[in-house]
Amino acid sequence: MGKTAIVTGSGRGIGRAIALRLADDGYDVCVNDIPGNDSIAEGVAKEIRDKGRKSCIALADVSKLSEVQKMVETSVKELGDLNTMVANAGIAQVKGMLDLTEEDFQRMLSVNITGVHNCYSVAAKQLIKQGNCKKDAPGKLIAASSIVGFKAFALLGHYSATKWAVRGMNQAYAMELAEHNITCNCYAPGIVDTPMWELIDSGLGKKQNKGKGEVMKYYVKELTALGRTSEPEDVARLVAFLASQDSNFVTGQTQLVDGGIVFT
Ligand SMILES: NC(=O)c1ccc[n+]([C@@H]2O[C@H](COP(=O)([O-])OP(=O)(O)OC[C@H]3O[C@@H](n4cnc5c(N)ncnc54)[C@H](O)[C@@H]3O)[C@@H](O)[C@H]2O)c1
């Protein structure tokens, strides 16, 4: 039977790879990105339709509850009952703790934590209303944490704090939603070759007097056991498992997928 998923921030990067992988696995997928990113979202939706699956777009800023509610409504109207929410959207900023403005800090919290809470809570209410989550076919809530959710990076302090918070909040959701047959898990990528890491590379490079690509090269060469940058598809493969029936007895976890940088 077909399934449906919403993947937030899937206009590019890791979210796009997840949306395409879930389409390969038989999901109809609602592509979300921020208002204004219509053309990249439409491009991903077309790639999904070219694979023979249904797709729709729901532009929404995940930090705004009313927009997330409309996103879930659109997905259900266009694709049918919801099965899986992937709260992937996030932002990064390279700045020292003492340089952060009030706005910097609030913006990071509102997208990376409030955004995940909005997506989890609205999706969970929809799943409970549908009444079709079963022990052997649970609803799935999945969110993006990070290696910095286990060990913070200097100059990414507020970003790191949000990725720890996602892990903690996911644990509470897992405990509260178990009785509704909904599982909750996070993926924690390392150094993934996306526009977000380009931003981090250039920000850390400036602070450390290093040229373009040098910081990324250091992390990959010196700190990654498997010795290469992650591709978005490496992360999508883990998310495919967390979304699948094979992970039905896994909940409240945050699984690293970093080629061996942080060990738990
Ligand atoms: N790239 C990495 O190395 C890495 C490592 C660990 C964790 N992550 C996490 O994985 C997720 C995806 O990262 P990425 O590298 O693909 O990032 P990216 O910046 O390349 O793509 C993120 C997408 O999310 C969208 N987005 C941003 N704010 C949004 C909002 N408020 N509402 C809806 N969409 C929004 C952006 O427009 C963009 O299309 C993020 O949560 C990130 O923190 C990334």
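Guide: Angles under 35 degrees count as roughly parallel, over 145 as roughly antiparallel, 65 to 115 as roughly perpendicular and the rest as oblique. Axes are lines fitted to C-alpha atoms, for helices over the stretch in contact, and angles run from 0 to 180 degrees between N-to-C directions. This is a predicted model, in which local features need pLDDT of at least 70 and side-chain atom pairs count only at pLDDT 80 or more, while totals for chains, interfaces and linings use all residues. Residues are numbered from 1 along each chain as its sequence is written.

Visitor: At what angle do helix α4 and helix α5 pack?

Guide: Helix α4 (residues 102–130) and helix α5 (residues 157–177) pack at about 20 degrees, with axes 10 Å apart, and α4 and α5 are therefore roughly parallel to each other. Helices here are DSSP runs (H or I, at least four residues), and strands likewise (E, at least two), numbered from the N terminus.

Visitor: Which residues of α4 and α5 meet?

Guide: Contact requires C-beta atoms, placed from the backbone, to lie within 7 Å. Among those in α4 are Phe105, Met108 and Leu109, and the residues they and their neighbours meet in α5 include Tyr159, Val166 and Met169.

Visitor: How many helices and strands are there in the chain?

Guide: The chain has eight helices and seven strands. Its C-alpha trace spans about 55 × 40 × 40 Å along the principal axes, and, of contacts between residues at least 6 apart in sequence, 72% join residues at least 24 apart.

Terms used: Two residues are in contact if their C-beta atoms, placed from the backbone, lie within 7 Å.
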